[in-house]
Amino acid sequence: MQPIIVDHIQKNFVKTRAVDDVSFAVDNAEIFGLLGPNGAGKTTIIRIILDIFKPDKGTVSILDGPMNEAKKDRIGYLPEERGLYQDIPLDRCLSYLAGLKGLSSSETKLRLSKYLERFELTPHRSKKVKELSKGMQQKAQLIATLIHEPEVIIIDEPFSSLDPVNTQMVKDLLDEERHKGRAIVMCTHQMHQVEELCDRIVLIDRGRAMLYGTLEEVRSRYATQDILVNASAPLPHHIPGVDRIEDINTHKKLILKTGITAQSVLKELVQQNIPIEHFEIALPSLDEIFIRVVTEGTAKA
Amino acid sequence: MKKTLLVFWQEYKRHVIRKRFILMVLSIPALIAVVMVVAILGVFLTQDKRPVGYVDQAGYLAIKQLPARVEFSPEPELQLIPYENEKAATTALNEGAIQAYYILSPEFTETGEGKLVYIKTWNGNLAFQFNRLLRLNLTDSMPPEIANRLMEGEEFVITSLDQTRQMSEDAWGNLIVPFAAGLLIMVIIMTAGGYLLQAVVEEKENRTIEIIITSVSPNQLMTGKILGDIAVGLTQLLVWFGFLAGGYFLVRGSVEWVGQIEISTEYLVLLVLVVIPTFITVAALMAAIGSITTELREAQQISGYFTLPIMAPYWFSYLIMTSPNGPLALILSYFPLTAPVTLTMRAGFTQIPVWQLTINIAELVLLAALSLWLAGKAFRAGMLNYGKRLSLKEIFTRASA
């Protein structure tokens with residue numbers, strides 16, 4: 001059973017189509033990237049999954065069926081628009097939010113202490129939330145998302161306001177949750193984090209799903225006829241089938257002529273006795289794919 | 001249910017366990033107490049406590065003395081010094097031994113004329129005490145019941161021909177108290193409603209609402225919040241009524257008009273029947289406004305549209321008091337927003353027919369139900385609307401989204 005199945009959903013707001021025929025499914029024990037530029041419709045999709053909005057068309061299945069009140073306790077949500085009660089002490093605020101997720105007060109006490117310790121917030125537990133730094137509030141918000149040990153975790157920009165140390169800690173935490181079998185949907189603009197963490201992605205632009213699949217699948221789909229080569233001797237200026245050679249950091253990027261395959265170039269290099277240390281198809285980065293998809297989409301529109 | 005209680009308790013704690021609330025609740029009774037103490041002290045310290053002289057040429061004051069005062073009063077008790085003649089009294093007045101003197105001539109009983117001589121200002125309360133002493137002595141030879149009646153005065157019950165309006169001349173405290181109680185409760189309802197408004201707007205402003213609505217249902221949230229709001233108001237009410245009751249039991253033995261106060265059971269029942277739906281209406285409307293607006297100031301401005309009509313009957317207090325069954329009083333009773341104050345005011349001055357009360361209260365209950373429904377709609381439509389205020393049309397179109 002896939003914990004989240006989004007099936008051809010559509011949502012209109014007055015004259016705008018915010019979501020247009022989007023489908024995807026999220027598996028257990030995976031981090032699923034929900035990507036897209038600002039205003040693409042990601043938050044609307046999340047709100048439809050969480051039953052805050054009803055779709056005009058299509059269906060959503062969460063934890064084996066439509067959303068109900070009991071399922072809310074099995075979902076952890078970190079919204080893009082962060083918010084905690086500012087005028088009350090941190091531990092009271094988090095205990096209240098944990099209570100709303102159905103956690104008993106004794107269990108809340110126990111888990112809260114552990115999380116506060118892990119997030120290095122124990123010395124600040126009695127402080128009012130407004131007295132905490134932005135990063136601390138972000139960590140507190142993550143505690144509120146995870147404290148009830150949800151089966152489905154939906155997090156929007158989990159790394160914003162975090163320094164590198166805390167970013168790593170959150171990454172480790174998400175990885176742990178994945179290993180526990182949780183289904184995690186992560187929205188972020190930080191493509192290197194997606195490349196590092198996500199198993200599969202869907203890229204939304206103007207309300208439509210433009211790309212969907214594993215990272216490898218997506219990157220292969222956008223792979224060009226270019227090759228990254230690293231050799232211990234200089235490459236010859238002219239290699240048959242190669243249009244031009246570019247320097248990419250320590251590598252050489254070989255841009256092939258139309259109709260030429262990587263295998264034929266490799267064969268040519270071997271025949272010329274070039275000592276090759278590294279040879280790979282130059283897959284585009286997620287950043288490049290993101291920009292390309294969005295730019296092409298804009299041009300078409 | 002558990003989550004509703006959690007929301008209720010959180011809402012209650014957020015407002016009640018706050019310095020601002022505690023200060024506000026305690027400051028009103030404290031302020032009243034301070035004003036009273038200052039006023040009493042002011043009277044006490046500025047009063048001339050010197051005795052009053054008198055020249056009683058016909059022995060009018062020789063028989064009886066005033067009984068010891070039982071009521072508390074900051075005014076000094078009358079002390080009298082008799083003088084043989086006016087010359088001796090004048091000398092004493094000039095020397096400052098007395099503050100004034102009376103001359104009662106032998107013809108006083110025929111002419112009623114006497115003389116009062118003083119230098120600076122004369123204390124009216126001492127004159128009242130002196131007049132009482134004089135009447136006590138003049139009526140001494142009469143049968144005791146007649147003498148007593150003359151001393152205590154008459155008490156006419158003023159009533160209209162159809163008996164629907166009735167009041168005692170002396171028991172004016174019984175008119176003021178329901179009037180003041182109604183006002184006090186309305187102030188509390190408005191204040192508590194204001195807290196709810198603030199809480200809802202704050203939850204939107206600090207973006208907590210998005211987490212809350214993915215944890216509880218809108219109904220659980222609204223019920224918890226409204227119940228919490230009512231509990232905050234009741235706490236305030238209990239504290240203030242506690243102080244009032246304390247003050248009442250403290251002074252009822254010594255201040256006559258306070259001792260005469262009686263609040264009828266019928267009035268209390270009416271108060272409860274009017275206050276509960278009004279409380280729910282105000283709380284629900286405040287929650288609705290909080291949901292559709294984005295800033296506290298804007299929300300407060302809009303809430304004025306319905307808090308104004310609720311308090312408006314006080315502008316027409318005189319007309320309602322003098323004509324509690326008149327057309328204006330009836331119209332204001334039938335309009336649900338002006339009904340709560342009008343009914344509590346009218347009940348102090350007239351016997352409202354049961355059929356009228358039934359209709360009025362049914363309207364209030366209906367309005368409360370309607371407000372709750374509207375609040376639910378507004379909340380669903382406006383909870384995630386951070387940018388701009390929703391229009392009435394949008395509340396209904398978006399709530400179904």
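I take helices as DSSP runs of H or I with at least four residues, and strands as runs of E with at least two, numbered from the N terminus. Axes are lines fitted to C-alpha atoms, for helices over the stretch in contact, with angles from 0 to 180 degrees between N-to-C directions.

My ground rules: this is a predicted model, where local features need pLDDT of at least 70 and side-chain atom pairs count only at pLDDT 80 or more, while totals for chains, interfaces and linings use all residues. Residues are numbered from 1 along each chain as its sequence is written, chains are lettered from A in the order in which they are written, and side-chain values use heavy atoms, without hydrogens and water.

Entry one, a helix pair. I looked up helix 1 (residues 2–16) and helix 9 (residues 218–251) of chain B, and their axes come within 7 Å and cross at roughly 40°. In helix 1 of chain B, residues including B:Phe8 and B:Tyr12 take part in the contact with helix 9 of chain B (heavy atoms within 4.5 Å).

Entry two, the two chains. I found 29 residues of chain A in contact with 25 of chain B. Three salt bridges are counted between chain A and chain B (a Lys or Arg side-chain nitrogen within 4 Å of an Asp or Glu carboxyl oxygen). I also noted a salt bridge between the side chains of B:Lys3 and A:Asp73, at 2.6 Å from N to O.
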